[in-house]
Amino acid sequence: MRECVDLKGRVAWVTGSSRGIGSGVADYLAGCGAAVALHGTSPTSIRSLGEGDTLQAAAESMARRHGVETAAVHGDLTDVETVRRAAAAVRERFGVIDILVNCAGGDIGARGVSAPLAGKPEANDAVFVSLDDLRSVFERNLMTCIYCCREIVPQMMERRAGRVINIGSIAALKGTESSVIYSTAKAAVHQYSRCLAIQLRGYDVTVNVVAPGDIVTERWKASRDYDQAKMVEAGTLDRYGRVEEVARVVAFLASEAAGYVSGQVIRVDGGSQSWPC
């Protein structure tokens with residue numbers, strides 16, 4: 001049986017939840033009793049890596065399994081008007097958004113996830129990455145986060161209540177010679193979150209970052225070579241993580257138990273990184 005914090009009566013919007021970590025986070029929050037709005041780039045973006053049929057079907061299945069209300073919204077969150085329309089649809093359905101989880105992102109270039117290696121930019125370094133890929137990765141990761149916070153946080157400030165959880169990455173916490181723009185964009189997400197947390201202290205709204213390590217998802221498997229020996233799920237921390245291990249931390253940060261936790265970057269990586277953030 002899943003052990004959950006109590007999120008009954010809360011409404012969560014999880015961006016980028018048609019697949020991967022976002023999908024798992026949304027499902028876990030629903031299992032904790034929250035009403036959940038799913039989001040994908042399109043009504044059928046869930047199909048891209050074989051994780052479902054339609055976003056609406058996923059929302060309906062989640063509602064049945066957990067006995068909660070759900071909704072499905074779609075659109076490209078790199079466009080600020082689309083963010084406004086999607087947020088308005090969630091508010092129209094549920095009234096308020098108590099929990100914002102910015103999970104939309106990924107090291108995905110301009111050609112999208114259908115490109116080789118599930119969309120990773122071809123020249124994925126600090127100098128030769130194409131400008132189109134550079135813009136795509138920054139917009140998918142940083143700008144979607146900022147746009148959604150700008151749209152949702154003012155209402156949290158008015159109500160003096162809310163939780164913002166942004167999904168970062170341990171890639172943002174060290175130098176690297178590959179996935180450079182992704183690492184840089186996630187580092188910016190971390191810093192934006194710290195700044196937003198300071199701004200919102202007086203409003204009793206918390207802002208935190210969850211920074212996953214290597215977490216097994218369909219896109220993660222499609223985008224790299226990996227060590228089959230590290231696919232075990234227990235008995236060692238020297239392994240790849242599972243989506244639910246990220247989702248548990250998100251649920252904690254969304255709960256009353258984390259009411260005095262803000263401005264933090266919390267790694268979920270089995271201890272692969274142990275230096276200060």
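**Close-up views of a predicted model**

**View A. The second largest pocket.** In this predicted model, the second largest pocket has a volume of about 220 Å³. Helix H5 (180–199) and strand S6 are the elements that give two or more residues to its lining. With three residues, H5 gives the most to that lining.

**View B. Residues around the second largest pocket.** Arg 194, Ala 197, Ile 198, Arg 201, Asp 204, Val 205, Thr 206, Gly 259, Tyr 260, Ser 262 and Gly 263 line the second largest pocket. By class, the lining residues divide into four nonpolar, four polar and three charged.

**View C. The open sheet.** Seven strands make up an open sheet, and their order is S3-S2-S1-S4-S5-S6-S7 with parallel pairing. At the edges stand strand S3 (70–74) and strand S7 (265–268), each with a single partner strand, so one side of each has no neighbour in the sheet. On average, neighbouring strands of this sheet are turned by 20 degrees against each other, direction ignored.

**View D. Strands S1 and S2 side by side.** Strand S1 (residues 11–14) pairs with strand S2 (residues 35–40) over four bridges, in the parallel sense. To find your way in this view, look for Trp 13, which stands opposite Ala 37 in S2.

**View E. Two helices across the strands.** Helix H2 (residues 55–66) lies across S2 and S3 and runs at about 165 degrees to S3. Helix H4 (residues 131–159) lies across S1, strand S4 (99–102), strand S5 (162–167) and strand S6 (205–212). Relative to S4, helix H4 runs at about 170 degrees.

Conventions. Residues numbered from 1 in each chain as written. Predicted model: local features only at pLDDT ≥ 70, side-chain atom pairs only at ≥ 80, totals over all residues. Heavy atoms only, no water. Pairing = 2+ DSSP bridges. Axes fitted to C-alpha atoms, helices over the stretch in contact; angles between N-to-C directions. Contact = heavy atoms within 4.5 Å. 1 Å grid on protein atoms, 1.4 Å probe; cavity = no way out; pocket = protein on both sides within 12 Å on 5 of 7 lines; lining within 4 Å. Points joined across faces, edges and corners; volume = space filled by probe spheres on them. Nonpolar A, V, L, I, M, F, W, Y, C, P; charged D, E, K, R; others polar.
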